[in-house]
Amino acid sequence: MKYFFILFLLISSCSTGYKGPVENIESTQDICEQTHSQFVEIYECLKSDLSLVKNDEIELYLLKGEQLKEKLDLGKMTEADARYEWKKLLYDIKQLRSEMRYRMMYERMCRTSYRGHCVPW
């Protein structure tokens, strides 16, 4: 019972409270997509809203948006392709964060690293 309670506290503390940069990107992007229809307009909206936040993930996301905007301007990419690549990048960032979170939880519960054999406390 004691271990169940500790596990419950660990899981609940990880799932509440902190709103990470990826969630900020998602919520801001939803707002921008509701007000704008073209990729370039959505990118400009996101760029203006997220420019104050300094984070590697957000900077990567905005740089990819700038790259896609340039490809659209040159006619090397369609609007649908640009939207797809941008959404895929956000999905990949979320997946990596999720894997990292589970790896950290696993390492906290075991005496060794995630590569070694887990011996419960």
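**View 1. The disulfide of Cys 32 and Cys 45.** A disulfide, taken here as a pair of cysteine sulfur atoms within 2.5 Å, joins Cys 32 to Cys 45 with an S to S distance of 2.1 Å. The pair links distant parts of the chain, since Cys 32 lies in helix 2 and Cys 45 in helix 3, 13 residues apart. Helices are DSSP runs of H or I with at least four residues, numbered from the N terminus. The angle about the S-S bond is -70 degrees, and the link is left-handed. Both Cys 32 and Cys 45 are buried, where buried denotes under 20% relative accessible area, found with a 1.4 Å probe on protein chains only. The structure is a predicted model, in which local features need pLDDT of at least 70 and side-chain atom pairs count only at pLDDT 80 or more, whereas totals for chains, interfaces and linings use all residues. Residues are numbered from 1 along each chain as its sequence is written, and side-chain values use heavy atoms, with hydrogens and water left out.

**View 2. The surroundings of Thr 28.** Thr 28 is found in helix 2, which covers residues 21-35, and with 12% relative accessibility Thr 28 counts as buried. When neighbours within four places in sequence are left aside, Thr 28 is in contact with Leu 46, Asp 49 and Leu 50, contact being heavy atoms within 4.5 Å.

**View 3. Helix 3 against helix 4.** The axes of helix 3 and helix 4 (residues 56-74) come within 10 Å and cross at roughly 150 degrees; axes are lines fitted to C-alpha atoms, for helices over the stretch in contact, and angles run from 0 to 180 degrees between N-to-C directions. The two helices are therefore roughly antiparallel to each other, a term that applies to angles over 145 degrees. Residues of helix 3, including Phe 39, Tyr 43 and Leu 50, meet residues of helix 4, among them Ile 58, Tyr 61 and Leu 72. The residues of this contact divide into 10 nonpolar, one polar and four charged, with Ala, Val, Leu, Ile, Met, Phe, Trp, Tyr, Cys and Pro counted as nonpolar, Asp, Glu, Lys and Arg as charged, and the others, Gly among them, as polar.

**View 4. Helix 3 against helix 5.** Helix 3 (residues 39-50) and helix 5 (residues 79-109) have axes that come within 10 Å and cross at roughly 35 degrees. On the helix 3 side, Phe 39, Ile 42, Tyr 43 and Leu 46 meet Glu 79, Ala 82, Arg 83 and Trp 86 of helix 5. The residues of this contact comprise six nonpolar, no polar and two charged.

How values were computed. Parallel < 35°, antiparallel > 145°, perpendicular 65-115°, else oblique. Buried < 20%, exposed > 50% of the residue type's maximum accessible area, 1.4 Å probe, protein only.
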